[in-house]
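Subject: Structure handover

Hello,

I am passing on a structure that you have not worked with before. The sequence and the model come first, and my notes on them follow.

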Amino acid sequence: MRYTGPKVRLSRRAGVPLTRKAVKYFEARPYPPGEHGRKTNRRNTGDYGMRLLEKQKLRWYYDVSERQLRRYWDLAVRRPGRSGEQLVALLETRLASLVLRAGLAPSIYAARQYVNHGHIAVDGRKVDIPSYQVKPGQSVTVRDRSARMQPFVAAAEGTYADERTAPYLDVDHRGLRFTLLRRPTREEIVVPVDEQLVVEHYSR
């Protein structure tokens, strides 16, 4: 199941801010949530606990369920190259992930909602599946009927954009569109996870 509770709690459990909104909250309370959060020492976590936490961080960052992540892992191990890097690339090229990365949404949760509600089109056709795998060369746009909504007006002004555009994307904020130029490399994907620990978790 996907987590549907308070999102900032996930960042505090993970030990890193997983969303923009979580940054200021995490700086104020950089310890796990709960009654004993202040007394928790993450450095005393065992090897299994560390690998499990990295896997959970990856799940939370991309807002996927355990079953979905396991399916992506099964796909990653069948691809040539390092399995961990393939796993992160698969998650990064989900439609919801790229809507966030292109600056069309303030968070992965909003990106997922925009896709679910039919506001996004791929190559001119509505796609309402957040896990849709975008292929290099495909163009993603906000549908005309949705472009006047307040969140997309803000996106067109660059409100949600990162300081630097991901090099594997060609983004037109004013036009509320972007194109995936190529598959991203691991070095280009900004995600606070050590994927090698995720590999070790699934390979144990």
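Which residues of α7 are buried? They are Ile108, Tyr109, Ala110, Ala111, Arg112, Tyr114 and Val115, where buried means under 20% relative accessible area, exposed over 50% and partly exposed in between, with a 1.4 Å probe and protein chains only. Seven of the nine residues of α7 are thus buried, so this helix is largely enclosed by the rest of the structure. After α7 comes Gly118, with a positive phi near 80°.

Some background before the rest. This is a predicted model, in which local features need pLDDT of at least 70 and side-chain atom pairs count only at pLDDT 80 or more, while totals for chains, interfaces and linings use all residues. Residues are numbered from 1 along each chain as its sequence is written, and side-chain values use heavy atoms, with hydrogens and water left out.

Overall make-up

The protein chain has nine helices and five strands; these are DSSP runs numbered from the N terminus, with helices being H or I of at least four residues and strands E of at least two. From the N terminus on, the order is α-α-α-α-α-α-α-β-β-β-α-β-β-α. Of the 204 residues in the protein chain, 47% count as buried.

The core

In the largest nonpolar core there are 49 residues, and Leu58, Tyr62, Leu87, Leu95 and Val99 touch the most other members. Such a core is a set of buried Ala, Val, Leu, Ile, Met, Phe, Trp, Tyr and Cys residues joined through side-chain atoms within 4.5 Å. Helix α7 (residues 108-116) gives the largest share of this core, six residues. At least three residues of the core come from each of domain 1 (7-90) and domain 2 (92-186), with bounds taken from an automatic or database domain assignment. Leaving aside residues up to four places away in sequence, Tyr62 touches Val88, Leu91, Glu92, Arg94, Ser97, Arg101, Ile108, Ile189 and Val191; contact means heavy atoms within 4.5 Å.

The sheet

Five strands form an open sheet in the order β2-β1-β3-β5-β4, with antiparallel pairing. Two strands pair if DSSP finds at least two bridges between them. At the edges stand β2 (125-126) and β4 (169-172), each with a single partner strand, so one side of each has no neighbour in the sheet.

Strand β5 (residues 177-180) pairs with β4 in the antiparallel sense over four bridges, and Val171 is opposite Phe178 in β5. The hairpin of β4 and β5 has four residues between the strands, and Leu176 there takes a positive phi near 50°. Strand β3 (residues 139-142) is joined to β5 by three bridges, also running antiparallel, with Thr179 in β5 as the bridge partner of Ser139.

Helix α9

In helix α9 (residues 195-203), the buried residues are Glu195, Leu197, Val198, Val199, His201 and Tyr202. Their cover includes α3 (47-62), α4 (66-77) and α5 (83-92).

Regards
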